Every structure is written in C-alpha cells, then in structure tokens.
Amino acid sequence: MSARGFSGKASGAIRLSPSALNLYRDCPRCFWLEKVRFLKRPRGIFPSLPSGMDRVIKTYFDSFRAQGTLPPELRVKEFENTTLFADQARLDLWREWRTGLEFKDEDGSVMFGALDDLMVTGDAYIPFDYKTKGSPANMEDTIRYYQNQIDCYALMLEANGMKSAGYGYFLYYSPGKVGEKGWVNFHLQAFRVDVDTRRARQTLRSAVELMRQPEAPDSAPACEYCEYLHKMNRYHSRQAAE
Ligand code: SF4
C-alpha cells in the first residue's frame, strides 16, 4: 500500500474506465476522493432515457450488421468504404464492461471500457459511439466532453491488435418534432473526431500517478459541488456559534 487509504490498489491492480478518466480530467480532487477514499460525488437522479435509447439503437444497428450493410441514413459519401464490424458475438462481449476491451499498461494498471459499436475501413477500425442529447450537438462540445473517451477506445482496440483508422465517430440523436400518432422524430448528427492513443495512455498514467499521492489535490477552481459544500459548512458553523 503506497498511499494512505488506498486499499491495496496501488500495487498494480488499478483499473480505470474512460469515464473515470473523464472525472480525473474534470476535477483531479474529486477523482482522487472517489478512487482513493471512496467518497463519490452525488449523482442525483439518473435519467433512464439515454440507456433506453442506447438499447434500441444497438438493436437497430445490429439488424443491419446481420445484413452486411449500413443503415440507410449512413449510406452517404462520408461513410463510403466503411462497414459495420461483422462479428456480432465479439461485439456483444465488448459491449459489456465486464468482458469489454482492455489496455494494460507496463506498470500493470488497466484501462477498461464498453464499446457501443465499431466500424471497419480497409484493415483499420473506427470506434463508434451513440449519444442522446436534448438539443443538437456541436463539434466543440463533442471534443470537450468526449475526446478522451474516443482516444481511450482507440487505444484499447490497438491493444487488442486492431489498427486504428486514426478517427472515431459520435452519432447524436436529439429530439425534433412530434409527428403523427405522437411519434417523436429525432435528428441525427455524425461527428468524426481524430484520435490520439498516446494522449489516452498519458491520461491513464497521470491519473494512476495521482492515485498514488498520499493527499488529495486542490479542487477545480469553479465547482458548484464545492461551492455548495463551503456554503453548508459556513451555515453549520454559524448555527453552532449561535
Ligand atoms: S471541485 Fe467539485 S468536483 Fe472537485 S472535489 Fe470539489 S466538489 Fe468534487
């Protein structure tokens, strides 16, 4: 045990997912508190719509995988010479985080994750992720919030001997109009994002390094959770003094 409160994870069995690494990038302090001290930031009520959408979109894509074609909306120039990864059984395993893709670093720490889908172009692979959003997406936010995720997928694919095409895709579904019989129409947007597997490896290494530190780092400068905690502490101190 190299860090206080570390529960033996510093000895080389550290396992981090892309979303844990997002938390690290978002706020190293919150990441450290969650992974080292098991103090999780409150999640609030978790909306079930995105996971329901994910499920039906996967089923939809799988039906075209079985036919060896792309869904009609993706039969455009951008996806020329691109097919869906054909091995449904392997993809099913990779869609579960327990049996998903992994990258093992030299020190034994592991990045693991579950893939939504995979495309193939020539001898290279393209990680593909579905997203549900309340309003149309844009490239700036896609890079800001999801660059790390797609970098990590590309790294894990490479670690499994699958050459990266150098980019991945995010396919966004956002609600449009309500049509006949109350059916909600969804807009579709595909964003192609370049990947950098070295960046993903570096993020993993920095996060693991941080977990081995004995003390929590500073908070992110502007954080509603911390602000709330400070206000609550001030309130309780005043109450105690009265
Ligand atoms: S800054 Fe926000 S995210 Fe970071 S530790 Fe404080 S509450 Fe958590």
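1. Strands here are DSSP runs of E of at least two residues, helices are runs of H or I of at least four, and both are numbered from the N terminus; two strands pair if DSSP finds at least two bridges between them.

2. Before going on, please note that this is a predicted model, where local features need pLDDT of at least 70, side-chain atom pairs count only at pLDDT 80 or more, and totals for chains, interfaces and linings use all residues. Residues are numbered from 1 along each chain as its sequence is written.

3. Strand 3 pairs with strand 4 (residues 110–113) over 4 bridges, in the antiparallel sense. Within that pairing, E102 has F112 of strand 4 as its bridge partner. Contact means C-beta atoms, placed from the backbone, within 7 Å; the angle is taken on a scale from 0 to 180 degrees between N-to-C directions of lines fitted to C-alpha atoms, for helices over the stretch in contact.

4. Helix 5 also holds A154. Is A154 buried or exposed? A154 is buried, because 28 other C-beta atoms lie within 10 Å (buried means 20 or more, exposed 12 or fewer, partly exposed in between). Beyond its neighbours within four places in sequence, A154 contacts P127, S164, G168, V195 and T197.

5. Overall, the protein has 7 helices and 8 strands, and 22% of its 242 residues count as buried.

Technical notes
Contact = placed C-beta atoms within 7 Å.
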